[in-house]
Amino acid sequence: MSAARTPRFGDRLRPTIRLRLTILYTGLFLGAGIVLLGLTYLLVQNNLQRQGDPSQDRVFAAAGPAVKGEAPMPGEASELTVQRVQGALIKGREDYQRETLNALLTQGGIALALVGAAGLGFGWLLADRALRPVHAITETARRVARSHDLTERIAYEGPRDDVKELADTFDTMLGRLARAFDGQRRFVANASHELRTPSPSTGR
């Protein structure tokens, strides 16, 4: 008689179906969140480039008195003053856009991490709920194997899905095995009775 197979160390480290489903749920959720954050980043960036920002008014208001106080001379001094103001406006706009996009990425990344952690917990619970019928089938099979009671059934009551089909198939298999063993026991009982009962032609 062959010895029972000893589980290897690699088999013990193999992730369970529940863990794999949890990782799958969380991965899909995080993937969708990253795509949404990327689209939001592009939309905000495009919107900032198309519209003016409030920093321009602040920069112009700060630069206005300085420009008026200089009383530039016609020609080169006036052109340099205009270029200086335009450079300050462009720099203020670029700084505003960069700070806005960086804040969006930072806060969006933090929110995505928190929601991802919550999704991991919910995915673990949902995976357990989805695999509960499979656990019931496994537990029933173990009880039948230990007690040899073929009259026990799973009797799964749920939607007509793959799990319901598996449970019904297992119940059908148990019913057929029970009928087969009953027929075998009746045959053995009849054979034993015939062997114990002498035939009339060979009576003693």
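These legends accompany several views of one predicted protein model.

**View 1. The overall fold is helical, with 5 helices and 0 strands.** Read along the sequence, the pattern is α-α-α-α-α. The protein has 204 residues, and buried ones make up 20% of them. Its accessible surface comes to about 15800 Å². Carbon and sulfur atoms account for 62% of that surface.

View 2. Take the contacts between residues at least 6 apart in sequence. Of these, 67% join residues at least 24 apart.

**View 3. Gln 97 sits in helix 4, which covers residues 76-147.** Gln 97 has a relative accessibility of 17%. Buried means under 20%, so Gln 97 counts as buried. Leaving aside residues up to four places away in sequence, Gln 97 touches Leu 48 and Gln 49.

**View 4. The side chain of Gln 97 reaches the backbone of Leu 48.**

**View 5. Helix 2 and helix 3 mark the two ends of the confidence range.** Across the protein, pLDDT averages 77. A score of at least 70 is reached by 75% of the residues. Confidence is highest in helix 2 (residues 17-50), at a mean of 89. Confidence is lowest in helix 3 (residues 55-70), at a mean of 48.

**View 6. Over residues 59-72 the pLDDT is below 50.** Beyond near neighbours in sequence, this stretch has 13 contacts in the model.

Notes
Residues numbered from 1 in each chain as written. Predicted model: local features only at pLDDT ≥ 70, side-chain atom pairs only at ≥ 80, totals over all residues. Heavy atoms only, no water. Helix = DSSP H or I, 4+ residues; strand = E, 2+ residues; numbered from the N terminus. Buried < 20%, exposed > 50% of the residue type's maximum accessible area, 1.4 Å probe, protein only. Polar contact = N/O pair within 3.5 Å; in protein donor to acceptor, adjacent residues only side chain to side chain. Contact = heavy atoms within 4.5 Å. Areas by Shrake-Rupley, 256 points an atom, 1.4 Å probe, with all protein chains shown as cover. pLDDT = per-residue confidence, 0-100.
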